[in-house]
Amino acid sequence: MHAHIPDQSGRIAVVTGANSGIGYVTARELARRGAHVVLACRSPERGRDALDRLLTEAPGSRAELRRLDLSSLESVRSFAAGWDLGRLDLLINNAGVAMVPFSRTADGFETHFGVNHLGTFALTGLLMPYLLASGEARVVTVSSEGQRFARFDLSNLNAERGYSAPFAYVQSKRANLYFAVELQRRMTAAGLPLRSMAVAPGLTRTNVLTGGANTGRGAVYQRLIRLLVRLTFQPTEGGARTSLHAATTRDLPGGSYVAPDGLLELRGAPTIRQGHRAIHDTVTARRLWELSERLTGVRYETPTDTAA
């Protein structure tokens, strides 16, 4: 399924949430094609299991494990401060949570917003010097086909007024899309070569609905969700196609939103989808960016920001 991926020898890549699901397949295939891949995982135990599995399935590949918990800005800063591989060619912002019961991160943010968007925003900003050192870096941020249904409310991003898990999830995934395209706008305005893309994987068989904070939802929930996922969702290999396409297709323009070409973007071959209104909503994207800088304390240092 991933035979078309070009040689990745010499590239250094970080894949967040690489211990399972789409992130694991993405990391494995990049390593299999020659990239030096860093698996950035919250759980050291699950991360070690994933690294052992990857090295078995892709013998001779270069991969390593580093701890990263996107629910903690301290952990994000520690990960970036410990970067010692020089340039960074590829950052896959894959890690996230979905449909979890209400909770807050270590920094007091609603969990979907804090992990899926703010953690990703902070990590990318703190790694920016290494990305820019590449000269041809890419940032691929995993959104969701569900972002189309978000009622994006800048005044309720942190569950200030009530909480709905589905609403919080799709809103955070819309934030991922806003972030990816606004990052590209800023790179283009500054004349910098970094390319930023967003992707939607389609409905995919991962443990995001049953693992992590969803573990305690009870036996009935677990059985029903596992049945639903098995019957209607595509295999993980299929879900990783858009991430790998955005990461490795040579002539893909920055600012692209890559999603499956099938009905409702639920499955199919990767294709560019630029018709979504959110992609062109520069006002909301800019306001979200400015809010994210204030909440995380992370400012992207580019020539454009310095001039501003």
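Modeller: With one residue and its neighbours. Leaving out residues up to four places away in sequence, R250 touches P6, R138 and R195. Contact means heavy atoms within 4.5 Å.

Colleague: What kind of model is this, and how is it numbered?

Modeller: It is a predicted model, in which local features need pLDDT of at least 70 and side-chain atom pairs count only at pLDDT 80 or more, while totals for chains, interfaces and linings use all residues. Residues are numbered from 1 along each chain as its sequence is written, and side-chain values use heavy atoms, with hydrogens and water left out.

Colleague: Where is R250 found, and is R250 buried or exposed?

Modeller: Buried means under 20% relative accessible area, exposed means over 50%, and partly exposed lies in between (1.4 Å probe, protein chains only). R250 has a relative accessible area of 63%, so this residue is exposed. R250 sits in the loop between α9 and β7. R250 and P6 are 244 residues apart in sequence, yet 8.5 Å apart in space, C-alpha to C-alpha.

Colleague: How do I read the residue T282, and what does T282 touch?

Modeller: T282 belongs to helix α10 (residues 282–296). Its relative accessibility is 37%, so T282 counts as partly exposed. Not counting residues up to four places away in sequence, T282 touches E182 and R185. The C-alpha atoms of T282 and E182 are separated by 7.4 Å, though the two residues are 100 apart along the chain.

Colleague: Now the whole protein. How many helices and strands are there?

Modeller: Helices (H or I, at least four residues) and strands (E, at least two) are DSSP runs, numbered from the N terminus. The protein has 11 helices and 8 strands. It has 308 residues, of which 57% count as buried. Among contacts between residues at least 6 apart in sequence, 74% join residues at least 24 apart.

Colleague: How do I read a sheet, and in what order do the strands stand?

Modeller: Strands of a sheet pair through backbone hydrogen bonds, either parallel or antiparallel. Two strands pair if DSSP finds at least two bridges between them. Here 8 strands form an open sheet in the order β3-β2-β1-β4-β5-β6-β7-β8, with mixed pairing. At the edges are β3 (62–67) and β8 (270–272), and each pairs on one side only. From one strand to the next, the twist averages 20°.

Colleague: Why is β2 described as largely enclosed?

Modeller: Because 6 of the 6 residues of β2 are buried, the strand is largely enclosed by the rest of the structure. Both faces are covered: H36, V38 and A40 are buried on one side, and V37, L39 and C41 on the other. In β6, 4 of the 5 residues are buried.

Colleague: How do I read two packed helices?

Modeller: Two packed helices are described by the angle between their axes and the distance between the axes. Axes are lines fitted to C-alpha atoms, for helices over the stretch in contact, and angles run from 0 to 180 degrees between N-to-C directions. Helix α4 (residues 111–126) and helix α6 (residues 165–189) pack at about 20°, with their axes 7 Å apart. That makes α4 roughly parallel to α6. Angles under 35 degrees count as roughly parallel, over 145 as roughly antiparallel, 65 to 115 as roughly perpendicular and the rest as oblique.

Colleague: At what angle do the axes of α1 and α9 cross?

Modeller: The axes of α1 (residues 21–32) and α9 (residues 241–248) cross at roughly 40° and come within 9 Å. That makes α1 oblique to α9. The contact is made by I22, T26, E29 and L30 of α1 with S243, L244 and T248 of α9.
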